[in-house]
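I am opening a notebook on this structure.

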Amino acid sequence: AMDRSDYDTARSYFNNSLSLLPENHWSSNYGFSLRLFFLSAKAAYSCGDIEKAYDLLKEILKEGRCLEDKLDAYCLYVTILSSEGRIEAWTTCCEVLSKLNETIPDSVDVRTMGAMVKQTGEMLGRISVDDLLEMQEMDSVFHHTLKFYTLLIFIAYQKKPLMTPLIACRMIKLSLDHGVCKDSIFGFVQYAAFICHQSKEVQYIHEACRIGKAAMALLNRFGSYVDIEPRVCLIYYSFVAPHTEPLQLCTENLRKGFEVGISAGESTIALYHLLALIKTAIFSGENLQALLVEVDYYLEVTNRFHHKILLPYLSGYRETISILIDKGQSNTANPLGRVSTSGEVEAQRRKEGMFMNRTLQSFWCGYSQRCHHYAKKAAELQSGGLLNKHILSFYSAVNSFRGVKNNNGNGSQFSKVKDAFKAAITALKPAAELSPWNFQNKVYLLEAEMFSFEGRDAEARSSYAAAITSSCSSRFVHEQGLACELAGLHYFKIGEAETALNFLKQAKECYQRWGSQMKVESITQQMGKVVSASITQQSNYFT
């Protein structure tokens, strides 16, 4: 039943077995008791019965005769503590690593961290993909060490984010010194994710992506391990792959990681996939109405596993999707109630997520000043990943052009438009070198808006056409609609009403495919204004 992921049935069998154990089973049937209690705890955890899982694991930790017998129980115990955001997850994991002869500092200063990351980068720069694939396999002692370092990174992300690169560098050092194992892959990918998250230089991001891809190739060497594959896919497709791989591919692999994690009983790791999955689905322009149904299912699963940390994020994304569909008419009252924050780091991340959601909502609803306000707030946090920053800079720059058009801006506003354009184009052009699929359409559209803004009609026509073609090729239907909409407004501005109407019709079709009734209605209104203005213009001409 466990192999078929039928955890309810397995749990029932295990409970029957537990009830038949003799009183002295820990002495008379030690090995059998150890395995039965662990599998029972895993089945209970996979069914969402956290308290039962805790009780069974504590029994193992109490009765286990040596550290090696307790390691699997410690692993699951720490995983559950981490899913509930409890600080004991960190202390317990550090205690186990200490027993494995590893020393974990309470904190690390930026200078020490920078030196360690630099040293690790120099070591990895001398290693090719073939070298990595041909490295010897690590022995079991160090394998256990890396397994708990993998857990510690996830806890550090919640509680002590500055520690994550230090842990990743230590994992890489152990792997290069003693050989690789399946958990080595996570160290390499986490290091690549840190570089992609922090660096703005194309060459460093390119090198990080090389390391990440090499690690994913190493995953194939060890075969499909359900306990490590979801963790690796989560980090790679959330933080590394978006810089070189199509966003749609990232979204699909995050879906796969979620499904594999749930099937394997790794519910905590599976649920963490949802944060990046929904965000990249929105960024890549998936059908909003289908996505809303999907998010409702994810909320139900998250509730079932009592994962309180993730609920506010999922609710925020649901609100955004609902607003993009019909300004929130498809949104229901939040059934989750109030969710308390879990420390300063978590509060900061929730604030970042809120500002990102508010920026997207305001932009697509056409609230220029509100969009500017939230984009500025998000940028001030300086904590979001590079993908978030690229998307924010793009929408912020497009919005700045809209603000001037709406308000017939003055000289100061014109200056702000050029500043926003310069900041966005400076970030997006290097990003487009690494991934034309994800970012080239955005570069073309910003250039088109600037050409239109400066009255350079020929260049604007060419750039709008390029933006539309590029968005279509990359299957970003929402941004194809945006490019058509802005092209239509440009042609209307220069007096070509018929061409303007043609582009607005294309925009309407794109927004219909996107599933945004709100944008369909907005474009319909704009088309009415163009027709009305055209009739008035013709009437004045004949008069």
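I start with a cut-off: I call a residue buried under 20% relative accessible area, exposed over 50%, and partly exposed in between. I also note that this is a predicted model.

**Entry: two loop residues**

I looked up Asn 101 with that cut-off in hand. Its relative accessible area is 69%, over the 50% limit, so Asn 101 is exposed. I found Asn 101 in the loop between helix H6 (88-99) and helix H7 (110-125). Its phi is positive, about 70°, although Asn 101 is not a glycine.

Next I went to Lys 327. Lys 327 sits in the loop between helix H17 (311-326) and helix H18 (343-365). Lys 327 is not a glycine, and here too I read a positive phi, near 60°. Is Lys 327 buried, exposed or partly exposed? I read 48% relative accessibility, so Lys 327 counts as partly exposed.

**Entry: helix H17**

I stayed with H17 and looked up Arg 318, which is found in this helix. Arg 318 has 9% relative accessibility and therefore counts as buried. I then took a distance from Arg 318 to Asn 441. The two are 123 residues apart along the chain, and 26 Å separates their C-alpha atoms.

**Entry: helix H3**

I picked Ser 33, which lies in helix H3 (residues 30-46). Its relative accessibility is 0%, so Ser 33 counts as buried. Which residues does Ser 33 contact, leaving aside neighbours within four places in sequence? I listed Leu 21, His 25 and Trp 26.

**Entry: helix H11 and its partners**

I looked at H11 (residues 184-198) against H13 (residues 229-240). Their axes come within 9 Å and cross at roughly 15°. Angles under 35 degrees count as roughly parallel. H11 and H13 are therefore roughly parallel to each other. I noted the crossing of H11 and H13 as left-handed. On the H11 side, the contact is made by Ile 185, Phe 186, Val 189, Gln 190, Ala 192, Ala 193 and Cys 196. On the H13 side, I wrote down Arg 231, Val 232, Ile 235, Tyr 236, Phe 239 and Val 240.

Then I turned to H9 (residues 140-159), which also packs with H11. The angle between H9 and H11 is about 35°, and their axes are 9 Å apart. The crossing of H9 and H11 is left-handed. H9 brings Leu 146, Thr 150, Ile 153 and Phe 154 to this contact. H11 brings Ser 184, Phe 186 and Gln 190.

**Entry: helix H14**

I checked the span of H14 (residues 247-263). Its 17 residues reach 24 Å from first C-alpha to last, close to the 24 Å expected at 1.5 Å a residue. I then listed its buried residues: Leu 247, Gln 248, Cys 250, Thr 251, Asn 253, Leu 254, Arg 255, Gly 257, Phe 258 and Gly 261. Just after H14 I came to Gly 265, with a positive phi of about 80°.

**Entry: helix H19**

Which residues of H19 are buried? I found Ser 368, Cys 371, Tyr 374, Ala 375, Ala 378 and Leu 381. They cover an arc of only 145° around the axis, which puts them on the same side of H19.

I took a second look at Leu 381, in H19. At 17% relative accessibility it is under the 20% limit, so Leu 381 counts as buried. Beyond its neighbours within four places in sequence, Leu 381 is in contact with Gln 348, Lys 351, Glu 352 and Phe 355.

**Entry: helix H20**

My last stop was Arg 402, in helix H20 (residues 386-407). Its relative accessibility is 16%, so Arg 402 counts as buried. Not counting residues up to four places away in sequence, Arg 402 touches Phe 363, Gly 366 and Ser 368. Ser 368 is also one of the buried residues of H19. Finally, I looked from Arg 402 to Lys 505: they are 103 residues apart in sequence and 20 Å apart in space, C-alpha to C-alpha.

How values were computed
Residues are numbered from 1 along each chain as its sequence is written. This is a predicted model: local features need pLDDT of at least 70, side-chain atom pairs count only at pLDDT 80 or more; totals for chains, interfaces and linings use all residues. Side-chain values use heavy atoms; hydrogens and water are left out. Buried means under 20% relative accessible area, exposed over 50%, partly exposed in between (1.4 Å probe, protein chains only). Helices (H or I, at least four residues) and strands (E, at least two) are DSSP runs, numbered from the N terminus. The arc is that of the directions from the helix axis to the C-beta atoms. Axes are lines fitted to C-alpha atoms, for helices over the stretch in contact, and angles run from 0 to 180 degrees between N-to-C directions. Angles under 35 degrees count as roughly parallel, over 145 as roughly antiparallel, 65 to 115 as roughly perpendicular and the rest as oblique. A crossing is left-handed if the near helix is turned anticlockwise from the far one by less than a right angle, and right-handed if clockwise. Contact means heavy atoms within 4.5 Å. The expected span of a helix is 1.5 Å times one less than its number of residues.
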